[in-house]
Amino acid sequence: MATGQLFSRTTQALFYNYKQLPVQRMLDFDFLCGRETPSVAGIINPGSEGFQKLFFGQEEIAIPVHAAIEAACAAHPTADVFINFASFRSAAASSMAALKQPTIKVVAIIAEGVPESDTKQLIAYARANNKVVIGPATVGGIQAGAFKIGDTAGTIDNIIQCKLYRPGSVGFVSKSGGMSNEMYNTVARVTDGIYEGIAIGGDVFPGSTLSDHILRFNNIPQIKMMVVLGELGGRDEYSLVEALKEGKVNKPVVAWVSGTCARLFKSEVQFGHAGAKSGGEMESAQAKNQALMDAGAIVPTSFEALEAAIKETFEKLVEEGKVSPIKEVIPPQIPEDLNSAIKSGKVRAPTHIISTISDDRGEEPCYAGVPMSSIIEQGYGVGDVISLLWFKRSLPRYCTKFIEICIMLCADHGPCVSGAHNTIVTARAGKDLVSSLVSGLLTIGPRFGGAIDDAARYFKDACDRNLTPYEFVEGMKKKGIRVPGIGHRIKSRDNRDKRVELLQKFARSNFPSVKYMEYAVTVETYTLSKANNLVLNVDGAIGSLFLDLLAGSGMFTKQEIDEIVQIGYLNGLFVLARSIGLIGHTFDQKRLKQPLYRHPWEDVLYTK
């Protein structure tokens, strides 16, 4: 695998199994380094296509989303790194699919716990085809000032502190991603910083080894020294020992193998990583450190002494003129995300929507401040929920019962009224439930079900002004306005609407006052003197009685009552109620498998 540099300032990657934070961190790193193009060329989300919006500095960009690896590689032929955030169950299959793409040169597998047999197949295929696997169980890698994989090096603050926004002179390789972050900081304190850092992963069989990357670093002119952080378990470090002995590495190597404390335990101990478990003396940290020292690596006496060893090695290279001081640069400021800025109190952002009736931010939704659990536990009904969501208060039980009666009485009025007819025709045309429902709801208005609000408005105005029924009706006639809530096509003086009778009976038994209803009844008495079908209809009954509910409950101010009537709350009852019937008609037609409706010719008057 030796060769040389894996990444550059133009390297682009395909990101498998979209995760917002690591992708955004890659793009923020790009901006920090002054890259002209984003390092993420495309995202692969199985089953999804389109675009994902992210930020490149201050600019919002759209990164293409592809449903399949093959399609992504075809669309982005210059992207040669595959960053795999799949779970351990599917990481092997997706990684192999990526390795088989001619455009992909490096595959980084983030998941840990990938089956060892699958990992061995990936390693064999990669080596046979001159490709590189980083991981599994890796955080990835980074080339300072050029390119980074996923969450490598952590937050932007850490990256800046570690001076990773520009290249240094040190090549670093480790098994541990977490320790890599620590070592980047250490290296930045005592040298001019990292040139490239790789975390090969903590599994027993890493896709590439410590020695693979050290030999590669040896071929990169900008890297003047290498730092290796190994750990007990496995024999990977011995391949590096052999390379040192054979003279394949001609740059200083500072190395330390962690886990020397293992000997303090009476029994064998597992240290975090799957591979960090000593299987004998040769796999102990002490044995590996000694072997590396004997082979010519610079090995300190303890981990605490590692920083001093790195510093001493680097300063020697500077004295020998092998390292030229790097001119420090000031990285650009990464714009802070709005959400984090708001949380930290740095900005005030206006909201776009106001909601005073419900809140879904807590552990459970609340309706007008009442938790969902309380609504269920206290046996609230639909009327109670409406009172909370529409009126923002808990109304007395007789009020919520009245609301429920209104909904039940108005739920349906047969298949021949215009709303139901429209719904039936639409359903028979093969349309979906929502389309069928909406086609019926759209007919609701002044001539069909929409008279409740108007009835309430006119009855209230006339009653409040103490108009006699004669003055009210005749005044409306002069204006050319029919009295809303009065009149019916079928019902009459001798064939009363049973719904109106039920509403009036309930109100007289439960309401503190029925002033507005009684006024409507006196109006009905006058209009019946004019025509037998000018009866108080269900719209008029609901409209007048709702005025009594609002006024008699004592829970609404006069201004609030006027506002409720003006906004159109009462028609909302009819819309809600009739939706039940319209949905029923839709299901009825679907269940009966009714064909496309065509109106009969004999029911049409054809004329010129």
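V438 lies in helix α16, where helices are DSSP runs of H or I with at least four residues, numbered from the N terminus. The model is a predicted one, in which local features need pLDDT of at least 70 and side-chain atom pairs count only at pLDDT 80 or more, whereas totals for chains, interfaces and linings use all residues. Residues are numbered from 1 along each chain as its sequence is written, and side-chain values use heavy atoms, with hydrogens and water left out. With a relative accessible area of 36%, V438 is partly exposed, that is, between buried (under 20%) and exposed (over 50%), for a 1.4 Å probe and protein chains only.

Helix α20 (residues 515–528) has 14 residues, which at 1.5 Å a residue should span 20 Å, and this agrees with the 20 Å between its end C-alpha atoms; the expected span is 1.5 Å times one less than the number of residues. Of the 14 residues of α20, 10 are buried, among them Y516, M517, Y519 and L528. The cover over these buried residues includes α17 (451–464), α18 (469–478), α19 (498–510) and α21 (538–552), contact being heavy atoms within 4.5 Å.

With a disulfide taken as a pair of cysteine sulfur atoms within 2.5 Å, the count comes to 0. The sulfur of C410 is too far for a bond, because the closest cysteine sulfur, in C406, is 6.3 Å away; C410 is buried, with a relative accessible area of 2%. C463 is likewise in no disulfide, the nearest cysteine sulfur being that of C399 at 18 Å, and C463 is buried at a relative accessible area of 10%.

Technical notes:
Helices (H or I, at least four residues) and strands (E, at least two) are DSSP runs, numbered from the N terminus.
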